[in-house]
Amino acid sequence: MILVEDIHFSYDGIYTALQGVSLQIEKGERVAIMGTNGAGKTTLIKHMNGLLRPQHGRVIVDGTDAKSLSIAELSRTVGLVWQNPDHQLFLDSVRKEIEFGLKNLGFSPEEANEQCTQTLKNLGLEGLAERSPFALSGGERKRVALATVLATEPRVLALDEPTIGQDAHQKERLASMLLDLNERERTVIVVTHDVEFVIENFPRTIAMADGRIVADGSTSSVLSNEDVLERCSLTPPQLTVAARALHKVFPQVPERLALLSELENAVSEILGVVP
Amino acid sequence: MALVEFADFSFKYLGADSLALRKVSASINEGEYVVITGPSGCGKTTLCRAINGLVPHFHRGYIAGNVYVDGQNTRDATVALLASSVGLVFQNPANQLVTLNVEKELAFGPENLGVEPQEIRKRVEEIIDLLNLEHLREKHPHEMSGGEQQRLAMAATLALKPKVLVADEPTSNLDPKSAELILDIISELNKRNGMTVILVEHRLDLVAKDASRIILLDKGQIVADGAPRDILPQDISMEIGVGIPKATQVYKRLQTKGIELSRVPLTGEELAMLVGEVTSS
Ligand SMILES: Nc1ncnc2c1ncn2[C@@H]1O[C@H](COP(=O)(O)OP(=O)(O)OP(=O)(O)O)[C@@H](O)[C@H]1O
Ligand SMILES: Nc1ncnc2c1ncn2[C@@H]1O[C@H](COP(=O)(O)OP(=O)(O)OP(=O)(O)O)[C@@H](O)[C@H]1O
Ligand SMILES: [Mg+2]
Ligand SMILES: [Mg+2]
């Protein structure tokens, strides 16, 4: 469990990036953090593995005050993937990069090798194991950064913008990997601007603006609250936009739809009554 | 000749074992708005780099065929010379920011192009206003959030007033409202000033309505090239993992049930309108 209690943080002592943030995330949850550029999402998630320390308030991980734990200790529990993979990758081959974390956790060379191969396959990186992380496309680099953390299967995954640079298929693969880890009791926290990714995979959403949490609740309620969308620079999911447009002309279509098939059926029904 | 012309162009990065682009041919005329999309690793960034000359002058490798930009063969022209026609927004904005604050960043490009100081001051203020950068004015670019950096990188490129804007996934770090704002500005500059736009994007729901053309890349090759309404419903788009707008997906599913709308919708509003058309006729 992660408990964040009234944390404040300023990078320069003048402007406050976090101004009193509190939240509680239970073991096994899937939570998305969304909101305005500069709202403090990255700053918040970096507090979860001790990369940043609160200047006021506290972070408690599995019952222990993070203050008393080193980054290395915290990182065993909370695996963080950075927004910018350049800040995370430093070795000269993709395989080394992924096996590094595994060996640190005590995996034998054979186990590390096998886990690395499996993770690369799951993330569509097969064939890139021996490449330098610096000779990859942007999306491939992001997936390597994800692989370094996903391979170790930490109890808490904290992923900053995991879908950056990913095409539709890669996003599906990533989502199924996260759901699989989640089923095996891993907590998954993502920071993302990708509304569709959130609505399809995360039951809970925390929306932020100006260093504060503006809303925290079920994804469908947060993303349909006009006031929250406005304050946190969010837009409704595509399906909602389509459903609303249809609802205006055909009031029998509900204003909120969760699945593409529901939209399809609603349209079929409308058209089905046409002679 | 077209403003940007790929003539049987192939490229392989030094040390790589396969081609990043293979026999790419395409003509892009002044005033077009072209969206480049395709799976991660298919060559989109390499294509962008080939337009502004980073390929082959900075990223070296094997090269065959030619790319012409504004009448120049990019093999012969320097990156600096090409910068007078092409502005590139990098996929990773942090790699593009070189100065100490927003004003300097915005002035940097135009200064290098030899733009008059007075004109530069005017442009800087216009861009700060247009892209809502006022609150970041004094900030060091490397002490900004990812989205703030990306907005600044776009602003710095627009300050060049490029003939061709090449933008490599320019909304990937932006919150949804900022993404809309930036894309609206780009679309406006395309329509009003005739700025040619070549933009890489995965989420086509954001850009399909603005684009006059979509080029689909797969494994370094162009596999489809045409108007959004022609390209997006094709099976290949779904197969290679293009982020197809939900409205277009519904259109396709209806089609398999034998229901034809009068054209391919790209947005929810358009879908509602086309369904209304059917019921009222
Ligand atoms: N290294 C830094 N030094 C100084 N200020 C910083 C630094 N990093 C971020 N900031 C500032 O702190 C605030 C919060 O930044 P943060 O990166 O947490 O935002 P974010 O919500 O992750 O935004 P984005 O969606 O753009 O990634 C912003 O105003 C930003 O400019
Ligand atoms: N500097 C480099 N050296 C060697 N190979 C590279 C280099 N940069 C990219 N590649 C390879 O070239 C191919 C095309 O890469 P490119 O960056 O153009 O893809 P992309 O379509 O932009 O992908 P993404 O959507 O992930 O950004 C990929 O297979 C990639 O691994
Ligand atoms: Mg961030
Ligand atoms: Mg790319």
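A polar contact is a pair of N or O atoms within 3.5 Å; within protein, one atom must be able to donate a hydrogen and the other to accept it, and residues adjacent in sequence count only if both atoms are side-chain atoms. A polar side-chain atom of A:Arg131 lies 2.5 Å from an oxygen atom of ligand 2.

1. Basis of the note. This is a predicted model, in which local features need pLDDT of at least 70 and side-chain atom pairs count only at pLDDT 80 or more, while totals for chains, interfaces and linings use all residues. Residues are numbered from 1 along each chain as its sequence is written, chains are lettered from A and ligands numbered from 1 in the order in which they are written, and side-chain values use heavy atoms, with hydrogens and water left out.

2. Ligand 2, surroundings. The shell around ligand 2 holds 21 residues, a residue being counted if one of its heavy atoms lies within 4 Å of the ligand. The closest are A:Arg131, A:Ser137, A:Glu140, B:Ser40 and B:Thr46. Because residues from chains A and B surround ligand 2, the site is shared between chains. By class, this shell has six nonpolar, 11 polar and four charged residues; here Ala, Val, Leu, Ile, Met, Phe, Trp, Tyr, Cys and Pro count as nonpolar, Asp, Glu, Lys and Arg as charged, and the others, Gly among them, as polar.

3. Ligand 2, atom pairs and cover. From chain B, a polar side-chain atom of B:Thr46 lies 2.5 Å from an oxygen atom of ligand 2. From chain A, a backbone N or O atom of A:Ala135 lies 3.4 Å from a nitrogen atom of the ligand. Ligand 2 has 630 Å² of accessible area on its own, and the protein covers 90% of it; such areas come from the Shrake-Rupley method with a 1.4 Å probe, and for residues only the protein chains shown count as cover. The elements that give two or more residues to this shell are α5 (138-150) of chain A and α1 (44-52) of chain B. Helices (H or I, at least four residues) and strands (E, at least two) are DSSP runs, numbered from the N terminus.

4. Ligand 1, surroundings. Around ligand 1 there are 20 residues, and the closest are A:Lys41, A:Thr43, B:Ser145, B:Gly147 and B:Glu148. This site, too, is shared between chains, because residues from chains A and B surround ligand 1. Its shell has five nonpolar, 11 polar and four charged residues. Helix α1 (41-47) of chain A and α6 of chain B each supply at least two residues of the shell.

5. Ligand 1, atom pairs and cover. Chain A contributes a polar side-chain atom of A:Thr43, 2.5 Å from an oxygen atom of ligand 1, and an N or O atom in the side chain of A:His193, 3.0 Å from an oxygen atom of the ligand. In chain B, a polar backbone atom of B:Gly147 is 2.7 Å from an oxygen atom of ligand 1. The protein covers 90% of the 640 Å² of accessible area that ligand 1 has on its own.

6. Interface, extent. In chain B, 48 residues are in contact with 47 residues of chain A, contact meaning heavy atoms within 4.5 Å. The two chains bury about 3,700 Å² between them, 58% of it on carbon and sulfur atoms. B:Ser40, B:Pro176 and B:Lys246 lose the most area in chain B to chain A, together 17% of what that side buries. Buried area is the accessible area (1.4 Å probe) that two parts lose on being put together, summed over both.

7. The rule finds three salt bridges across the interface of chain B and chain A, each defined as a side-chain nitrogen of Lys or Arg within 4 Å of a carboxyl oxygen of Asp or Glu. B:Arg253 forms a salt bridge with A:Glu264, with the closest N and O atoms 2.9 Å apart. On the side of chain B that touches chain A, the elements giving two or more residues are α6 (146-158), α7 (176-193), α10 (235-239), α11 (246-256) and α12 (268-280). Among these, α12(B) gives the most, with eight residues.

8. Local geometry in chain B. B:Asp235, in helix α10 of chain B, makes a side-chain polar contact with the side chain of B:Lys252 (2.6 Å). The peptide bond from B:Val55 to B:Pro56 is cis, with omega near 10°.
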